[in-house]
Amino acid sequence: MADYFSKWTLADICDLIADYPMASIISAGVTDCADISVSEMPMLLDLDADGQPVSLLGHFPLRNPHYAVLKEQPRAVFSFHGPNDYVSPSHAGKSDWAPTWNFATVRIVADVYFDDALTDEALERVVAHMERNQQDPWNLSALGARYEKLRRGVMGFRAQIRSVSGRFKLGQDESDVVFENILNQHGNEPLRQWMIRMRGRQ
């Protein structure tokens with residue numbers, strides 16, 4: 001059977017990260033692979049001149065013990081989760097239809113390089129991205145003298161991308177009738193929009 005859930009485009013990856021930038025950063029411990037470190041931070045995806053993903057830009061709190069792990073062992077997995085939700089047989093309109101969970105995820109393996117010269121850029125760009133839809137966007141200059149104090153607690157970094165993978169399980173394998181029933185009955189609008197988008201990847 002065709003793996004509909006792995007049929008994605010670069011635009012799908014870019015849009016999911018742009019709309020859901022909070023990533024779980026996952027890395028194994030320096031001496032013990034069972035010692036897993038996980039942190040959540042917002043990330044921005046950067047593309048090269050050909051439009052290919054090359055790096056992630058972000059910042060990290062210096063007091064987080066994970067910071068030392070990443071400095072010692074830079075390679076990490078960045079896991080992004082888009083819209084997701086439970087789908088009931090009542091949504092599908094069939095009592096003998098098994099319930100499921102629809103979701104969209106992106107995983108990027110990348111090598112983290114900390115550089116204080118990136119800190120201002122990372123903070124400014126993340127704030128600008130998150131404020132982009134506000135009528136009167138806030139910016140870091142509003143912090144005044146507090147900015148330098150807060151800045152000292154974080155470090156900017158760029159993560160050079162090694163691989164990109166995605167899993168978009170959004171009902172692509174359902175019959176037309178069941179798919180339309182879910183769209184009409186389910187209340188999660190972002191999930192519905194991604195279902196419609198990915199239906200064309202069959």
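The dialogue below takes up a sheet and then the helices.

Q: In what order do the seven strands stand in the open sheet, and how are they paired?

A: This is a predicted model, and in it the seven strands follow the order E2-E1-E5-E6-E7-E4-E3, with antiparallel pairing. Strand E2 (36–42) and strand E3 (44–47) are at the edges, and each has a single partner strand, so one side of each lacks a neighbour in the sheet. On average, and with direction ignored, neighbouring strands of this sheet are turned by 35° against each other.

Q: How many bridges join strand E6 to strand E7?

A: Strand E6 (residues 100–114) and strand E7 (residues 154–169) run antiparallel and are joined by twelve bridges.

Q: Which strands does helix H7 lie across?

A: Helix H7 (residues 189–199) lies across E5 (75–87), E6 and E7, and its direction makes an angle of about 105° with E5.

Q: At what angle do the axes of H6 and H7 cross, and which residues make the contact?

A: The axes of helix H6 (residues 176–185) and H7 come within 10 Å and cross at roughly 155°. Angles over 145 degrees count as roughly antiparallel, and therefore H6 is described as roughly antiparallel to H7. The crossing in which H6 passes H7 is left-handed. On the H6 side the contact is made by Asp 176, Phe 179, Ile 182 and Leu 183, and on the H7 side by Arg 192, Met 195, Ile 196 and Arg 199.

Terms used
Residues numbered from 1 in each chain as written. Predicted model: local features only at pLDDT ≥ 70, side-chain atom pairs only at ≥ 80, totals over all residues. Heavy atoms only, no water. Pairing = 2+ DSSP bridges. Helix = DSSP H or I, 4+ residues; strand = E, 2+ residues; numbered from the N terminus. Axes fitted to C-alpha atoms, helices over the stretch in contact; angles between N-to-C directions. Contact = heavy atoms within 4.5 Å. Parallel < 35°, antiparallel > 145°, perpendicular 65-115°, else oblique. Left-handed = near helix turned anticlockwise from the far one by under 90°.
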